[in-house]
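Could you walk me through this structure in my viewer, one selection at a time? I am new to this, so please tell me what to pick next and what I will find there.

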Amino acid sequence: MNTGKTAIVVSKLNKRFGNIQALNDVSFEIERGELFGLIGPDGAGKTTLFRILTSLLLADSGSAVVDGLDVVNDYRELRKHIGYMPGRFSLYPDLTVEENLHFFATLFNTTIQENYRLVEPIYRQIEPFKNRRAGKLSGGMKQKLALSCALIHKPSVLFLDEPTTGVDPVSRKEFWEMLRLLKSEGITIVVSTPYMDEATRCDRIALVQHGKILSIETPEQIVRQFPKKLYRTEMRNQLQLLKELRENPAVESVFMFGEYLHVTFTDDTLAPYHSNPDRPSPVFTEIPPSIEDCFIHLMSKS
Amino acid sequence: MKQFLSFVQKEFYHIFRDVRSMLILLAMPIIQIILFGFAITTEVRNVQVAVLDFSKDISTQQIIHRLQESEYFTVSEISHPDEIDRIFKKGQANLVLVFGNHFHDNLLHTGEASLQMIADASEPNQASTLVNYATSILGLYRQELMREYQMPFQIRPEVRMLYNPQMKSAYYFVPGVMGLILMLICAMMTSIAIVREKETGTMEVLLASPIRPLYIILAKMVPYFTLSIVNLITILLLAVFVLKVPIAGNLVLLALLSLLFIIVALSLGLLISNIVDTQVAAILVSGMGLMMPTMILSGMVFPIESMPPVLQGLSTVLPARWYIAAVKKLMVQGVDGVFVIKEFVLLAFMAAVLLAVSLRKFKIRLQ
């Protein structure tokens, strides 16, 4: 087995489904023990990438090495060392919590006892319900069980495809705390999410769109690279304002964020902006950009 | 091995915890046996009739000629009483007519002659239809004679129903139901069980684990194999004790034949699960692609002999056709093993081909 510093090496992966280019020349490296995030909208190609890395799909071209094992040639050995949690809840709803965990433990030729220490912080929370059918668990508990099942064989690399989608905010927070804990055990974790706010919890993130990686940086770096000053103004339900800003040549970009509009100006200053003299000028406040602002900026650029 | 056993255990949990599949698996054989208890009428065409003619006189020749002329019968001649049993067991005739000595003389001089009709009543509906048709042809011939000679004649058919003297239709449909039930449980339920894993996404996790695909398949097959044997025993017990159909032949051979058929059906289920991705599609394909042809073309409901040649040809690829035919021979007619060698060989061949193809085609990856 590989003991080098890199856990995953992906180079020039391409995958096409019909006339959709799901992955377009994707290359990156992930270090051992890294918590790596894939951020992007639905259909960006995240799941396809996961499936190729877990040896479930064959790429059209390019190569991927996970834990020192080629995902095509060494797939049989590779499948012993990875943990995978697909996007959809994929445990057996008609089996109890304990039966599910037991089944996955034996599937990987291990026992619950052998690796209990690793899953304990997570499994302890659902253990009171161990005789309940998995289908009757709440969304957050389902995810915890799925994570326990993906971990029970002590994988060296863990793949989590949108583990927090459809999970309540409290459970989401807990879930990420658990990932931190696993990282401290030396497990390499690749996680995808459509939630931008979760991105800051990763060591590094890759922004993905249309099968292409727009950038790979630490969250801080991505925010730092935002090229403009960002202003915020309250929208107060005035779609008129949005339209006005969009038509104004001094405005470079404007996007809706809930009740606010996030605006950048071509000259990076408010000076050239003159609103309609008949109406009071909107109040602009400068704010630090979020990951989402950066992502939207990168997306509109590409 | 532990991996495998744990997988099998999981499959049993799936079955036992799903009321629907339990109902299908356990109630289906009983319901079908009862449903098919109602008689099914069938029409016959081009049925093989053998004639054993000791008289070889003008009357018997004319009767044989008229049988031959009708669209129902294809007549062949045999020359020795010992051949009767043999051609029945080989399935070369469904009806045998035996004319005694001096048929024509008896008819002219005493005004009365008799002949024997022996029918294979392991298919009772067909047997009685055949006897009725043959009797009416005899009746027409008698009327012609009466017009010609202006005197009364009597031709007495003496009917013997072979293998199923009480003409029970149960004799006929029990083998059919066995074929249908085993096909349903093995093929349909196995394909659903595998496709369900694909549909719910658990197949993704299974494939990304170190378990060998062969084990996944075998683990899926074991419970249905076991349940099929339970059903087989249920059907046979129902047949013997409720419907009073005796098992005339060798029980061991019958069991071996059924195991072979179960393997064929399991492989078909596996093949279906490779082709489709949703449970609904699995039900449709196994329902339309397996159950319908099995019911209609296997000779269970309609006699194969009266089908148009195209459908007859189509029926030869159906495993159930050979299984049902062999079960009839073994169970109802009680023949020796040598008479079912052909069916055994054909089913073994189908099992080998299907199993090889479906194991080869099982995907170790998604898509």
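Predicted model: local features only at pLDDT ≥ 70, side-chain atom pairs only at ≥ 80, totals over all residues.

**Stop 1**

Start with chain A and show its strands as a cartoon. Four strands make an open sheet in the order β2-β1-β4-β5 of chain A, with antiparallel pairing. At the edges stand β2 (20–31) and β5 (69–70) of chain A; each has a single partner strand, so one side of each is left without a neighbour in the sheet.

Next, select residues 6–17, which are strand β1 of chain A. β1(A) pairs with β2(A) in the antiparallel sense over eight bridges. To see two residues facing each other across this pair, pick L13(A), which stands opposite V26(A) in β2(A).

Now follow the chain around the turn. The hairpin of β1(A) and β2(A) has two residues between the strands. Click on G18(A) in this hairpin: its phi is positive, near 60°.

**Stop 2: a serine in a loop**

Stay in chain A and select S156(A). You will find S156(A) in the loop between α5 (139–151) and β7 (157–160) of chain A. Show the side chains here: that of S156(A) makes a polar contact with the side chain of D67(A), at 2.7 Å. Leaving aside neighbours within four places in sequence, S156(A) is in contact with D67(A), H81(A), I187(A) and T188(A).

**Stop 3: the sheet in chain B**

Move over to chain B. Here five strands form an open sheet, in the order β2-β1-β3-β4-β5 of chain B, and the pairing is mixed. Its edge strands are β2 (73–78) and β5 (154–162) of chain B, each pairing on one side only. Turn the view to look along the sheet: from one strand to the next, the twist averages 25°.

Select β3 (residues 95–99) and β4 (residues 112–120) of chain B. These two run antiparallel and are joined by five bridges. Within this pair, L95(B) stands opposite A119(B) in β4(B).

Finish this stop with residues 58–69, helix α3 of chain B, which packs on the sheet. α3(B) touches β1 (47–53), β2 and β3 of chain B, and its direction makes about 140° with that of β2(B).

**Stop 4: where the chains meet**

Colour the two chains differently and zoom in on the interface. How many residues of chain B are in contact with chain A? There are 27, and they touch 32 residues of chain A. Between them the chains bury about 2,800 Å², with 57% of it on carbon and sulfur atoms. On the chain B side, select R17(B), E204(B) and R365(B): these lose the most area to chain A, together 24% of what that side buries.

Last, highlight α1 (2–16), α7 (170–200) and α8 (202–207) of chain B, each of which supplies at least two residues of the side that touches chain A. α1(B) gives the most, with seven residues. Coloured by type, the residues of that side of chain B divide into 10 nonpolar, eight polar and nine charged.

Conventions. Residues numbered from 1 in each chain as written. Chains lettered and ligands numbered in written order. Heavy atoms only, no water. Polar contact = N/O pair within 3.5 Å; in protein donor to acceptor, adjacent residues only side chain to side chain. Contact = heavy atoms within 4.5 Å. Pairing = 2+ DSSP bridges. Axes fitted to C-alpha atoms, helices over the stretch in contact; angles between N-to-C directions. Buried area = accessible area lost by both parts, 1.4 Å probe. Nonpolar A, V, L, I, M, F, W, Y, C, P; charged D, E, K, R; others polar.
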